[in-house]
Amino acid sequence: MAAGMAITLDELVKRFGGEVVGDGAHRVGGLAPLDKAGPAQLAFLANQKYLPQVETTAAGAVLISPADIEKLSKRDGGNFIVTPNPYAYFARVAQAFIDLAAPKAVPGVHPGAYVDPAAKVAASAVIGPHVTVEAGAVVGERVKLDAGIVVGRGVTLGDDVHLYPNVTVYHGCKLGARVIVHAGAVIGADGFGFAPDFVGEGDSRTGTWVKIPQVGAVDIADDVEIGANTTIDRGAMADTVIEHSVKIDNLVQIGHNCRIGAYTVIAGCAGIAGSTTIGKHCMIGGAVGIAGHVTLADYVIVTAQSGVSKSLTKAGMYTSAFPAVPHADWNKSAAVVRNLDKLRDRIKALETALAERDGDAPDKA
Amino acid sequence: MAAGMAITLDELVKRFGGEVVGDGAHRVGGLAPLDKAGPAQLAFLANQKYLPQVETTAAGAVLISPADIEKLSKRDGGNFIVTPNPYAYFARVAQAFIDLAAPKAVPGVHPGAYVDPAAKVAASAVIGPHVTVEAGAVVGERVKLDAGIVVGRGVTLGDDVHLYPNVTVYHGCKLGARVIVHAGAVIGADGFGFAPDFVGEGDSRTGTWVKIPQVGAVDIADDVEIGANTTIDRGAMADTVIEHSVKIDNLVQIGHNCRIGAYTVIAGCAGIAGSTTIGKHCMIGGAVGIAGHVTLADYVIVTAQSGVSKSLTKAGMYTSAFPAVPHADWNKSAAVVRNLDKLRDRIKALETALAERDGDAPDKA
Amino acid sequence: MAAGMAITLDELVKRFGGEVVGDGAHRVGGLAPLDKAGPAQLAFLANQKYLPQVETTAAGAVLISPADIEKLSKRDGGNFIVTPNPYAYFARVAQAFIDLAAPKAVPGVHPGAYVDPAAKVAASAVIGPHVTVEAGAVVGERVKLDAGIVVGRGVTLGDDVHLYPNVTVYHGCKLGARVIVHAGAVIGADGFGFAPDFVGEGDSRTGTWVKIPQVGAVDIADDVEIGANTTIDRGAMADTVIEHSVKIDNLVQIGHNCRIGAYTVIAGCAGIAGSTTIGKHCMIGGAVGIAGHVTLADYVIVTAQSGVSKSLTKAGMYTSAFPAVPHADWNKSAAVVRNLDKLRDRIKALETALAERDGDAPDKA
């Protein structure tokens with residue numbers, strides 16, 4: 001980062017809050033971990049175990065909480081920005097430095113893009129090569145559409161949306177302000193719905209699956225982020241809804257007519273079947289599977305690889321996954337699991353036998 | 001929907017079958033649920049529990065089965081189309097209304113597409129912006145290729161195929177008539193095959209993986225639908241085969257040389273390893289994993305998140321997944337599972353002890 | 001394959017090693033399984049159970065190991081290439097025949113591609129239609145970029161890289177020589193990192209998630225192969241690293257700051273959370289989930305659908321998945337699993353009761 005991009009601690013505090021302890025005129029031009037930062041860099045303390053590093057760091061300044069700064073045995077000569085949440089503060093400052101350093105995108109439509117004459121694109125938007133914007137689409141201020149994106153008929157993209165390369169947004173979907181969608185994600189494909197129209201059984205069954213038209217769309221609120229190659233299906237009649245500030249990782253599947261509550265985070269490879277409602281502030285672990293037509297309360301946590309088949313009506317942490325153990329050990333246990341009901345019957349028999357003996361026998365008397 | 005698009009019940013029956021009870025000249029122009037439909041809309045009864053709604057609905061007409069119409073306490077003044085499968089009938093009518101309302105695509109090749117001179121594209125096909133059609137490809141009548149699609153060398157696309165944006169079809173694959181592929185899906189990538197060519201063990205191992213060429217293709221029959229970002233690998237020597245009317249959801253992986261039987265449905269996030277054969281009319285749940293080189297009989301159902309490691313030779317429902325429970329409860333059980341074989345041994349010991357005592361002791365006599 | 005492409009066994013041995021037994025001047029022009037090969041085709045024996053087929057095959061020559069050729073009861077008149085690893089030899093020869101037969105790509109940039117003037121593309125590279133190469137990217141010799149690919153700012157692609165259609169490589173990532181990436185894969189999307197900046201609990205919680213900038217990249221070594229629609233996230237501060245000769249299947253998710261050791265193979269639908277290190281020569285089964293911040297030793301094998309939540313410090317095979325059984329049977333066992341701790345308590349009670357009786361009662365004396 002060029003020296004010219006350095007900024008004083010006083011300026012940081014003016015922009016991001018907090019309070020300077022030490023030299024407010026000290027300049028920093030980047031961020032680094034405590035053990036690697038130099039005088040021109042800002043470090044942060046978010047985890048107690050690194051507290052000793054604060055006393056030895058060469059960082060130009062350290063982001064630290066009011067409680068932690070009190071624990072330092074010495075802080076003479078050190079510079080600090082005191083803030084209740086140093087990690088979040090770090091993240092905001094880091095983003096600002098990145099924005100400063102990033103090449104400025106030039107507003108306008110790349111000559112290699114195709115924008116339908118009946119689409120409405122803000123003059124401040126940046127439309128990359130090989131992008132397609134179909135009729136009736138509305139593209140907001142400062143929207144950034146990277147190469148290869150397809151924005152379908154009648155799609156609405158809010159201000160400051162950023163779609164990474166090769167994203168597809170099907171017709172009629174809406175994305176709120178500041179939504180970020182990573183490469184290859186697909187918003188608004190048809191939900192998986194087919195009516196069985198079969199007659200007869202077995203080899204003599206005839207008939208077919210009849211596709212259920214999916215005429216809802218996907219409605220994504222402000223500040224949502226969606227990971228690479230994730231898929232969110234359009235609703236059958238009503239919309240699939242992603243509430244504001246939801247964060248979704250890569251390769252996640254969200255079925256038609258789901259509603260995901262605000263601030264909920266969903267880790268990679270999770271799959272949520274259709275018509276399921278997830279509350280606000282939930283945390284869905286990696287590779288979790290959630291059945292269709294169930295409801296999860298606010299503040300539910302489902303740990304990685306677990307499966308949810310029924311509604312979870314209370315906040316709390318839920319689990320159904322086993323951790324891997326040596327294969328031979330596992331096989332021993334797994335063999336027993338397959339016959340657990342018989343094992344229970346044997347215990348029952350033992351209990352009965354013992355009880356009978358207690359009744360029969362005089363020796364307990 | 002414009003009033004001009006309304007259609008009489010008599011006309012519907014002429015096109016889709018069934019029998020009118022009531023006023024065949026009544027016009028409907030759309031569909032809605034029983035509790036929301038108005039006089040210009042068609043509703044349907046597919047689930048017994050909504051039977052009472054039929055008697056109070058304001059719908060212009062109701063799709064109903066012969067058995068259910070007999071259950072109505074009153075039907076005077078109501079209009080009905082009686083059909084054995086109201087849900088499938090609804091789906092077909094809904095699709096027809098959508099087709100009427102959809103903007104008509106203009107046949108032809110978008111100027112921003114690239115079609116190799118050695119490809120053969122029907123004049124009725126609609127080729128979107130930024131599409132690539134390579135040499136030797138054959139594109140059938142009324143095929144719709146949305147923006148950003150890549151159709152490889154020698155691919156054959158049957159009549160009325162619809163590929164959504166950014167789909168990739170590798171060289172040599174064949175898609176039957178009316179196949180639908182959703183955005184981002186990849187048909188015909190190389191199967192995952194490498195020959196180990198290593199010598200030595202541990203740190204002194206040398207050598208490498210040698211790629212096994214994948215020279216088969218993917219052969220997809222008529223009326224198949226494939227979900228967004230799903231991947232179906234090409235065969236190693238012979239083809240991977242998807243039989244007719246198979247329906248595959250999003251983010252599904254199908255390995256090389258699999259064969260998926262007709263009418264089988266596969267839900268999202270399922271993964272099927274190579275060289276596995278699945279019968280007809282199977283239902284594979286979400287996130288199910290199926291090992292390679294196994295065979296599933298016709299009419300097998302595998303419930304969500306279960307794992308299939310051996311062939312399933314009989315129709316029926318199979319399961320190996322646990323539903324999530326509160327984390328603390330799960331951990332208690334999981335700790336026992338890890339030592340189940342020891343638990344079994346303790347039961348055995350108890351049984352032996354009791355049997356010995358029965359033999360030893362006179363008190364049962 | 002045209003007859004002109006046939007090659008003598010002597011020529012094969014000159015190029016790929018091994019030793020001819022029989023007629024070195026015999027010509028073959030393709031490969032086939034033992035039971036289908038004709039005189040112009042090469043077959044191979046990699047599995048003992050097909051040994052009898054070697055004695056009856058019509059193949060022009062058979063690839064066979066030194067040990068196996070000794071087991072043949074007759075080999076007069078047959079032609080053989082003797083090699084320690086017939087399967088790997090087969091793979092190499094098959095690839096050579098494919099390369100011979102494949103249409104030769106013409107070096108150069110397709111007129112429908114967009115290459116930024118500040119990118120550097122080798123003259124021998126083949127850049128397809130609708131490709132985007134951004135400023136600062138360096139594209140090596142004989143690189144093949146299929147249609148619809150996006151190569152971000154400052155990306156480096158080594159010699160002989162082949163990216164299939166619609167792949168996205170984010171800014172700053174590096175791919176080594178001969179890396180193959182299949183269609184739709186996304187290299188270098190932002191890792192999933194958000195700092196919680198909330199105050200209060202339940203309904204009165206306020207605040208938001210703050211995005212952690214992801215300023216690392218992805219560093220992929222030579223000879224790696226990556227499957228269709230797989231996603232590998234960029235690092236937060238340091239890079240995500242894929243060491244040489246790693247092979248990754250389709251729909252795999254690799255989180256930010258992971259390191260995957262050389263020669264490791266990862267099967268389809270596996271997910272690896274952030275900051276995890278996997279050793280060399282590991283085998284990660286299909287749909288395996290691995291938690292973040294753990295370390296797997298070299299030569300670890302995790303079987304399909306298992307979950308790894310802690311570091312595995314020793315080589316060996318690990319498992320935590322159950323195979324599907326008939327649904328009713330499973331439900332019986334699953335009901336017991338939910339109460340396993342109570343079952344254990346009942347065994348404990350039985351043991352105690354029996355021990356007490358042994359102490360109390362005179363009948364064992």
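**A helix crossing, chain by chain**

Tutor: Helix 1 of chain A and helix 4 of chain A are roughly perpendicular to each other. Roughly perpendicular means 65 to 115 degrees; angles under 35 count as roughly parallel, over 145 as roughly antiparallel, and the rest as oblique. This is a predicted model, in which local features need pLDDT of at least 70, side-chain atom pairs count only at pLDDT 80 or more, and totals for chains, interfaces and linings use all residues. Residues are numbered from 1 along each chain as its sequence is written, chains are lettered from A and ligands numbered from 1 in the order in which they are written, and side-chain values use heavy atoms, with hydrogens and water left out.

Now the numbers. Two packed helices are described by the angle between their axes and the distance between the axes. In chain A, helix 1 covers residues 9-16 and helix 4 covers residues 86-101. Their axes are 11 Å apart, at an angle of about 105°. Axes are lines fitted to C-alpha atoms, for helices over the stretch in contact, and angles run from 0 to 180 degrees between N-to-C directions. Helices (H or I, at least four residues) and strands (E, at least two) are DSSP runs, numbered from the N terminus.

Which residues meet? Helix 1 of chain A brings A:Leu12, A:Val13, A:Arg15 and A:Phe16. Helix 4 of chain A brings A:Tyr89, A:Arg92, A:Val93 and A:Ala96. Contact means heavy atoms within 4.5 Å. By class, this contact of helix 1 with helix 4 of chain A has 6 nonpolar, no polar and 2 charged residues. Ala, Val, Leu, Ile, Met, Phe, Trp, Tyr, Cys and Pro count as nonpolar; Asp, Glu, Lys and Arg count as charged; the others, Gly among them, as polar.

Turn to chain B. The axes of helix 1 (residues 9-16) and helix 4 (residues 86-101) of chain B come within 12 Å and cross at roughly 105°. Helix 1 and helix 4 of chain B are therefore roughly perpendicular to each other. B:Leu12, B:Val13, B:Arg15 and B:Phe16 of helix 1 touch B:Tyr89, B:Arg92, B:Val93 and B:Ala96 of helix 4. That contact in chain B holds 6 nonpolar, no polar and 2 charged residues.

Last, the setting in chain A. Domain 1 runs over 3-101, domain 2 over 109-318 and domain 3 over 328-360. These bounds come from an automatic or database domain assignment. Taken over C-alpha atoms, the centres of domain 1 and domain 2 of chain A are separated by 38 Å.
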